[in-house]
Amino acid sequence: MSHETHRSLENDGHRLVVVRSAAEVTLQARSGRIVTSAFPDLAAAALQLPAGTVLDGEVVVWHAGRTDFALVQRRAAATAARAAVLAQSLPASYAAFDVLELAGLDVRARPYERRRTLLVDLLLPLGPPLQPVPMTTDPELAATWYETLPASGIEGLVVKRLDQAYPAGRRGWQKLRHTDVRDAAVVGYTGTPRRPLALVLVLPVGDQTPLVSSPLTAALRREVAEAAAARGAAGRAAEPRAAEPRATVTAIGLGEVPYRTLDPPLTAEVRHTSARHPPPEVIRLRTDL
C-alpha cells in the first residue's frame with residue numbers, strides 16, 4: 001500500500017454533506033443543520049447522483065473571480081423564497097473532497113486513493129456545480145498552487161495519505177495555510193449583549209488559557225450579538241446594564257476584565273502570533289451554516 005501523500009485545495013467555504021437517497025436529496029451542515037432549502041441549485045444538481053450516495057465537501061460562492069465566504073453565509077441564511085432568487089444571482093458550487101457512500105455501499109474504510117477514483121468517476125460526467133476538488137501528488141504543482149491561488153480566495157492545501165481511510169470523527173488531515181489563522185473556541189464576550197466589544201477565546205494550542213481578542217468590527221459585533229441571542233447567552237436581560245458578567249479574564253494591559261459566558265461556545269477564525277501580544281484578531285465567526 002502506498003504511503004504517498006496528495007495535496008488538494010482548501011476553499012473559503014462551508015463544510016457540507018450531500019446525501020442522495022432513493023427519494024430525495026438532503027444537504028447537511030457540519031453542525032447537523034439541514035440546509036437543503038437554502039441551496040436549491042445544489043439540491044437540484046445532486047438529483048443526478050445515484051441513489052445511496054453520500055459526499056463530503058464544501059459549498060462556495062464565487063464573486064469577482066474569487067470565493068466569498070460572506071456570500072456563502074448569506075445564501076445559508078436565506079429563507080426558501082429568497083434562496084430561489086439568490087440561486088440565480090449568487091449560484092453556489094460544491095467542491096467535493098471525498099465520497100463516503102456509493103450506491104448504498106459504505107466506502108469510508110477504503111484507502112483514499114480508491115475513494116478519489118470513485119469520486120472523480122462519479123462527478124466528472126456531471127460537471128459543475130458538483131465537482132471534485134482539484135488534487136495532485138506532484139510536489140512542484142502543489143507548491144505552485146500554494147503560492148498563486150490565494151488571490152482566488154483559496155486558503156491553502158489539505159494533505160492526505162493515499163492509503164488513509166476516511167477519518168470520521170477525528171482530524172486526520174494536515175492543513176497548510178498561508179497565514180497563522182486558526183479556529184478558536186469563543187467562550188464569551190466583553191461588553192453588553194446588544195453591543196459585544198471583544199471575544200474571549202480559547203486557542204487549540206498552548207495552555208488553553210482564555211484570551212481577549214482585539215476589538216470587534218461593527219459587522220462582527222452584530223454577528224456575535226445575533227449568535228449569542230440564538231444560543232441563550234448567559235447574562236442576557238431586557239436592560240443590558242443590569243446583566244452581571246459570569247466570569248473574568250486577564251487582558252493584556254487591562255488586568256481582570258469581566259465577560260459574559262457563551263454555552264455552548266461559538267467558533268471563530270482568528271489570527272494570532274503569540275500569547276503575549278498583540279491580542280488575537282478575529283477574522284470571522286464560524287457559524288457552520
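A: Pro-196 is part of strand β13, which covers residues 196-202. The model is a predicted one. Pro-196 has a relative accessibility of 1%, and because the limit for buried is under 20%, Pro-196 counts as buried. What does Pro-196 touch, apart from neighbours within four places in sequence? Its contacts are Tyr-189, Thr-190, Leu-216, Arg-221, Val-224 and Ala-225. Arg-222 is 26 residues away from Pro-196 along the chain, but their C-alpha atoms are separated by 8.1 Å.

Next come the nonpolar cores. The largest of them has 33 residues, and Leu-27, Phe-39 and Leu-55 have the most contacts inside it. Among the elements that give two or more residues to this core are strands β2, β3 and β4 and helices α1 and α2. Strand β6 supplies the largest share, 5 residues. Leu-55 shows what such contacts look like: leaving out residues up to four places away in sequence, it touches Leu-16, Val-17, Val-18, Leu-49, Tyr-94, Asp-98, Val-99, Leu-119, Leu-122 and Leu-123. A second core is separate and has 18 residues, including Tyr-189, Leu-216, Ala-227 and Val-282. Tyr-189 and Leu-216 also belong to the contacts of Pro-196.

Arg-20 is buried but forms no salt bridge. Glu-24, with the nearest side chain of opposite charge, is 8.5 Å away. What lies close to the side chain of Arg-20 is backbone: a polar atom of that side chain is 3.2 Å from the backbone oxygen of Leu-47, and one is 3.3 Å from the backbone oxygen of Leu-49. Beyond four places in sequence, the contacts of Arg-20 include Val-25, Ala-46, Pro-50 and Thr-53.

Other arginines do have partners. How many salt bridges does a search of the whole structure find? It finds 5. One of them joins the side chains of Arg-15 and Asp-56, at 2.8 Å from N to O. Arg-15 is in strand β2 and Asp-56 in strand β4, 41 residues apart, and the pair links distant parts of the chain. Arg-15 counts as partly exposed because its relative accessibility is 25%, whereas Asp-56, at 2%, counts as buried.

Another salt bridge joins Asp-41 and Arg-75, at 2.9 Å. This pair also links distant parts of the chain, with Asp-41 in helix α1 and Arg-75 in helix α2, 34 residues apart. Asp-41 is buried at 18% relative accessibility, and Arg-75 is buried at 0%. Why is helix α2 described as largely enclosed by the rest of the structure? The reason is that 6 of its 8 residues (69-76) are buried. They are Phe-69, Leu-71, Val-72, Gln-73, Arg-75 and Ala-76.

A further salt bridge is formed by the side chains of Arg-284 and Glu-269, at 3.1 Å from N to O. Arg-284 lies in strand β17 and Glu-269 in strand β16, so the bridge ties together parts 15 residues apart in sequence. Both Arg-284 and Glu-269 are buried.

Conventions. Residues numbered from 1 in each chain as written. Predicted model: local features only at pLDDT ≥ 70, side-chain atom pairs only at ≥ 80, totals over all residues. Heavy atoms only, no water. Helix = DSSP H or I, 4+ residues; strand = E, 2+ residues; numbered from the N terminus. Buried < 20%, exposed > 50% of the residue type's maximum accessible area, 1.4 Å probe, protein only. Contact = heavy atoms within 4.5 Å. Lys, Arg positive; Asp, Glu negative; His and termini not counted. Salt bridge = Lys/Arg side-chain N within 4 Å of Asp/Glu carboxyl O. Polar contact = N/O pair within 3.5 Å; in protein donor to acceptor, adjacent residues only side chain to side chain. Core = buried A, V, L, I, M, F, W, Y, C linked by side-chain atoms within 4.5 Å.
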